[in-house]
Amino acid sequence: MANLHHRIADWFSSRGWAPRPHQLAMLEQGLAGNSALLISPTGGGKTLAGFLTTLQELAGPHDTDGIHTLYISPLKALAVDIARNLEAPVKEMGLPVSIETRTGDTPQSRRARIRSRPPDILITTPEQVSLMVADPAAAHLLRNLRTIIIDELHAIVTSKRGVLLSLALSRVRSHAPGVRVFGLSATVADPDALRAWLAPTGAPPVALITGAPGASPDLHILQSEERVPWSGHSSRYAVKDIYEAVKRHRMSLIFVNTRSQAELLFRELWEVNDDTLPIALHHGSLDVGQRCKVEAAMAANTLKAVVATSTLDLGIDWGDVDLVVQVGAPKGSSRMLQRIGRANHRLDEASKALLVPSNRFEVLECEAAVEAVRENAQDTEYPMVLKLDVLAQHIMGRAVAGPFAADHLYAEVKGAFTFRNLPRELFDQTLDYVATGGYALKSYERYAKLRREPNGLWRLSHPRLAQQYRLNIGTIVEEEMIKVRIARIRTVMGKRVATGGFVLGELEEWFIAQLSVGDTYLFAGQVLRHEGIDEFGALATRAPGRDPKVPSYQGGKFPLSTFLASRVRRILSDPSRWGGLPSQVRDWLSTQRWASVLPSESQMLVETFPRADKFYMVCYPFEGRLAQQTLGMLLTRRLERWGARPLGFVASEYALVVWGVRDMGAMIAGGRLSLARLFDEDMLGDDLEAWLAESNLMKRTFRNVAIIAGLIERRLPGKEKTTRQMTVNTDLIYDALRSHQPDHVLLRAAWDDAAEGLIDIHRLGALLKRIKNQILHRDLERVSPLAVPVLLEIGRESIQGSADDALLAEAAEQLMDEAQRLV
């Protein structure tokens, strides 16, 4: 407290508060000129801890020429919220501090004002930092920069946004060598990795400061009187239970894992909302104005509940929330901890949360999550590194800022944690791609973006490229979106004519394209009738209707974390851990022990059995849908080659089923099919290469890489390319590069992306290594109880349709009757 400026100390005292130890520790590190990582539970005052050094310095004599502090937030809404919550105490302290925000929504006039009269504190997003360092005036703006604060660091470093930001920070350090960097986070599995990420290459990791642990969360799994479904993700069985929980609390934040589930659950809650409670909907496809209204209503405590996706995962204080409901398994313990922290948002009060599993396997996953949360066990991912498409974008941005020397830029890039191991040869190949397009594209003038001057410096080949760069910056590649507007209907010459009105939000083009006039669909919490498309987007009217379509989104669902997967296997294998499970789930697992077997934690169970006129093989890797879909593709190729004549496969988060014409159980028993060979690690060699060569998956991945790397521009001055146009262009280039320059940096970047994301090769490789000599086979006469959920996934309609839960329940009961039938 002795170090605090009297205005700041008086502000604390006037409220009967005192700075927490971790806040004072951050101040001590900051005043000493050191960088630091602060890990503190939600509600512990991390944001104030990050800004305390800034306020201390700005309270006294300071240089007013240029930005003093950059605060970087992963979300635009969070940046605005931070500004609003920071301005109040600054005003109350009477500090002469100017604060501005700069996000993608900031008008050009305010951006110009920020350039001409830089604020003391600029609150912004990762993409805007890259735009700032690409500005020729960056040296002037940043020369007196003293502090960088990165909030929710764990949410940034695991994506390409984090890779781009790390490069931008390395550039910032060249303008402000003495700048200190503070990282703030509540959920971190590997603090040392984040400490290294915050420091320049070659420097020791930044200081680590940890806040005192908060009150243990009050976390429970729903114990419903309704039957838990065998499969699916709608959680419709629990809607009445969720509604009753909402009634018992002041304000509930109800999280789901996808936008489609948010729309469905919101509608179902309103169908049982006999008390007309104020319940709202919040997800990323809704119009920003609508989202802001919901956030304002939450802050004003005028809502009873909000159904939300990850758009509300992060934040300072969303009103008087006293219950978090997680519908569907959380997929990771750190994500669950982050969401739980939205309740109470105070360090000394227990956050209360209710987990609602959507199906029986999810009950096991929820139980694993509860155990992990109670142990405060984290499973955040390691920071993403070495993304060459992001490097290409950064090199282009460096040229926009002004001419550069390759040696100097290479040293600057190596200064970033994400490229600390970048070989010079790979840097030069990436620079050559930016300059010429690479060997195979060198003859096309459109790809010649840089030229080398006689003095050795690289510069833009044409000034217009600077504008193209600014229009296309960023690493988030979304499917083409179409605005949805409420239409005004008129009758003209006896015909129904729709004209546009206010915007509800945006839906992906592919979904709108499959609609016919008169079709109904669920969006923004309403049943809408499709009225057609005009030059401004899709037109719709509000219309009651049964079984409306539910838009699904190409954005993926969260994968099951490796950390939780191992815990699920442990629970499954050990009946002594079943005590907290619902009786119907315990009975299901007990029946499996009688009808087949439950594997140990280290084993993978493979079951074979006949059903109707086909033969089935089911395995239970518990490694997530992505890795298991890839495994299914490779297994069916091998089974075909070895004469099993497979017909198809389906993967869930937990299991994989392959069905075919031949009796695979008999083939295994007769030695014609070896499970050890079938699941050998060598499938990640030639089989994987052959499958990728035949699939469109690599082309889709290459398209995204090409967009980020600037090979294809999404946006041009005054217009925007369609997804189809970009796909056609990149498909042609992909084929040309594979034929003429197979070592092109963008092909390498696409392979790396596919391996880490769409096909999850690293996780599949770890699975195959784990189960070597650990495969447990049971050849059965009929379907096993454990196989029922994944068999129900065969032929199941996707969530965009209207799968009939009653029919699925009937099918499940028939399968279970079959599984339990005595010989």
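Predicted model: local features only at pLDDT ≥ 70, side-chain atom pairs only at ≥ 80, totals over all residues.
Local features were taken at pLDDT of at least 70 and side-chain atom pairs only at pLDDT 80 or more, whereas totals for chains, interfaces and linings use all residues. Residues are numbered from 1 along each chain as its sequence is written, and side-chain values use heavy atoms, with hydrogens and water left out.

Helices (H or I, at least four residues) and strands (E, at least two) are DSSP runs numbered from the N terminus. Strands are taken to pair if DSSP finds at least two bridges between them. Strand 3 pairs with strand 4 (residues 121-124) in the parallel sense over 4 bridges. Thr 101 has Ile 123 in strand 4 as its bridge partner.

Residues were classed by relative accessible area as buried (under 20%), exposed (over 50%) or partly exposed (in between), with a 1.4 Å probe and protein chains only. In helix 17 (residues 406-414), the buried residues are Ala 406, Leu 409, Tyr 410, Glu 412 and Val 413. Seen down the axis of helix 17, these residues fall within an arc of 165°, so they line one face of the helix; the arc is that of the directions from the helix axis to the C-beta atoms. Their cover includes helix 9 (160-175), helix 16 (388-401), helix 18 (424-436) and strand 15 (458-460).

A salt bridge was counted where a side-chain nitrogen of Lys or Arg lies within 4 Å of a carboxyl oxygen of Asp or Glu. This rule gives 40 salt bridges. One of them joins the side chains of Arg 180 and Glu 57 (2.5 Å, N to O). Arg 180 lies in strand 6 and Glu 57 in helix 3, so the pair ties together parts that are 123 residues apart in sequence. Arg 180 is buried at 2% relative accessible area, and Glu 57 is buried at 16%.

A salt bridge also forms between the side chains of Asp 320 and Arg 250 (2.7 Å, N to O). Asp 320 is in the loop between strand 11 (305-308) and strand 12 (323-327), and Arg 250 is in the loop between helix 11 (239-247) and strand 9 (252-255), 70 residues apart. Asp 320 is partly exposed at 24% relative accessibility, as is Arg 250 at 45%.

The side chains of Arg 770 and Glu 623 meet at 3.4 Å, N to O, in a further salt bridge. Arg 770 belongs to helix 30 (residues 761-770). Arg 770 is partly exposed, at 22%, whereas Glu 623 is buried, at 5%.

Methods:
Contact = heavy atoms within 4.5 Å.
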